[in-house]
Amino acid sequence: MEKDIHTDFKDDMSYGDYLQLNQILSAQTPLSDQHDEMLFIIIHQSSELWLKLAGHELTEAIENLKQGDFGHASKVISRVKQIFNQLTQSWNILSTLTPVDYLKFRDALGHSSGFQSYGYRKLEFLLGNKNQTLLQVHENDSKVHQELKGILEAPSLYDVALSMLSEQGLKIDKNHLYRDVSLPYEKNDSVLNAWLTVYRDADTYFELYELAEKLVDIEDSFQQWRFKHMYTVQRIIGNKTGTGGSSGVAFLKKALDISFFPELFELRTQL
């Protein structure tokens with residue numbers, strides 16, 4: 001060992017102190033004596049950390065766009081894409097869990113389910129998939145419920161992007177631009193036409209064009225994560241009902257039909 005490497009941390013902060021590893025690494029508490037439950041817990045705990053980071057970054061991206069800082073927003077959105085790629089990869093690890101081994105501890109989960117993930121719900125709201133009824137799942141935690149309600153009622157990443165279109169002189173239907181943003185997003189012809197203008201004159205509207213492609217990147221990587229989630233669940237439990245009461249695979253398949261930025265995909269047919 002090199003002589004200058006620090007070894008005495010009695011009065012100094014160590015790596016473990018900084019990362020609070022005692023708390024993190026003692027947070028795995030299997031409810032059964034089954035070996036594979038540790039895998040199940042760690043995959044989901046680590047996923048929640050990545051979801052937390054993605055939410056942190058998307059919140060920053062929204063603020064960047066409000067301030068007209070396309071450069072930093074682009075950087076942050078690119079990071080979110082890579083986070084989703086990382087999350088997608090994690091399903092490959094979980095898929096090593098066989099149906100037989102999962103059934104040995106599944107009953108211990110009770111009604112706990114990824115459907116109740118606060119981090120995932122926050123992400124969907126930030127990206128624009130608003131659904132007020134989903135707040136009911138979080139009513140038992142007033143702090144989480146209040147934060148999610150605030151995000152539900154605030155403009156999403158796409159809402160802010162549409163405001164950027166309007167501010168740069170592209171015509172957006174006012175009723176759509178100033179709609180109730182807590183309601184599910186519905187595609188709009190004026191938005192489609194505005195994005196078509198951007199794509200047909202990308203040199204003039206380069207920042208908006210680049211932003212649009214970054215948004216498509218996010219949806220692409222997010223949908224791959226959704227698909228891998230659905231397929232992994234199907235591989236492990238087939239068409240069983242989810243632990244949280246959902247229809248399981250059927251419910252996850254429905255999510256694949258939801259687009260955060262529908263006009264950005266429809267315009268490709270129109271170009």
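Predicted model: local features only at pLDDT ≥ 70, side-chain atom pairs only at ≥ 80, totals over all residues.
**View 1. The largest pocket, seen around its centre.** This pocket holds about 1,400 Å³ of space. If you want to find the middle, look for His44, Ser113, Gly114, Phe115 and His229, the residues that lie nearest the centre out of a lining of 49.

View 2. The largest share comes from α3, which puts in nine residues.

**View 3. The largest cavity, with α4 and α11 in its lining.** The model has two cavities of 30 Å³ or more, and the largest has a volume of about 50 Å³. Around this space sit Phe70, Ala73, Ser74 and Ile77, along with Glu207, Glu210, Leu211 and Lys214. Both α4 and α11 give two or more residues here. The class tally for the lining is four nonpolar, one polar and three charged.

**View 4. The second largest cavity.** About 40 Å³ of space lies inside. Its lining takes in Leu127, Gly128 and Lys130, then Ser156, Tyr158 and Asp159, then Arg179, Val181, Leu183 and Tyr185, and finally Phe260. By class, that gives six nonpolar, two polar and three charged residues.

Definitions and conventions. Residues numbered from 1 in each chain as written. Heavy atoms only, no water. 1 Å grid on protein atoms, 1.4 Å probe; cavity = no way out; pocket = protein on both sides within 12 Å on 5 of 7 lines; lining within 4 Å. Points joined across faces, edges and corners; volume = space filled by probe spheres on them. Helix = DSSP H or I, 4+ residues; strand = E, 2+ residues; numbered from the N terminus. Nonpolar A, V, L, I, M, F, W, Y, C, P; charged D, E, K, R; others polar.
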